[in-house]
Amino acid sequence: MTIFLILLLLLIILTAGAALLVVRDPMHGAVNLGVSLLALSILFLVLGAPFVAALEVMLYVGAILV
């Protein structure tokens with residue numbers, strides 16, 4: 001079950017990252033960046049690094065996207 005979740009999160013991260021490079025609207029790019037960063041923080045939680053996941057959400061998603 002864990003490997004399935006990791007693969008799903010990696011697919012979401014790669015898809016949102018690729019969409020970030022392709023979209024022309026800056027708002028859609030920001031949403032894709034937020035999706036990829038949130039999926040990355042969930043991946044950190046699954047891998048057992050809750051402090052890094054919290055920093056990811058607070059610093060990147062919270063500060064950069066706002």
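Mentor: Gly-48, which comes just after α2, takes a positive phi of about 95°. This is a predicted model, in which local features need pLDDT of at least 70 and side-chain atom pairs count only at pLDDT 80 or more, while totals for chains, interfaces and linings use all residues. Residues are numbered from 1 along each chain as its sequence is written, and side-chain values use heavy atoms, with hydrogens and water left out.

Trainee: What makes a stretch count as a helix, and how many helices and strands are there in the protein?

Mentor: A helix is a DSSP run of H or I with at least four residues, a strand is a run of E with at least two, and both are numbered from the N terminus. On that basis the protein has 3 helices and 0 strands, in the order α-α-α from the N terminus on.

Trainee: How do you know that the span of helix α2 agrees with its number of residues?

Mentor: The expected span is 1.5 Å times one less than the number of residues. Helix α2 (residues 26-46) has 21 residues and should therefore span 30 Å, and its end C-alpha atoms are 30 Å apart, which agrees.
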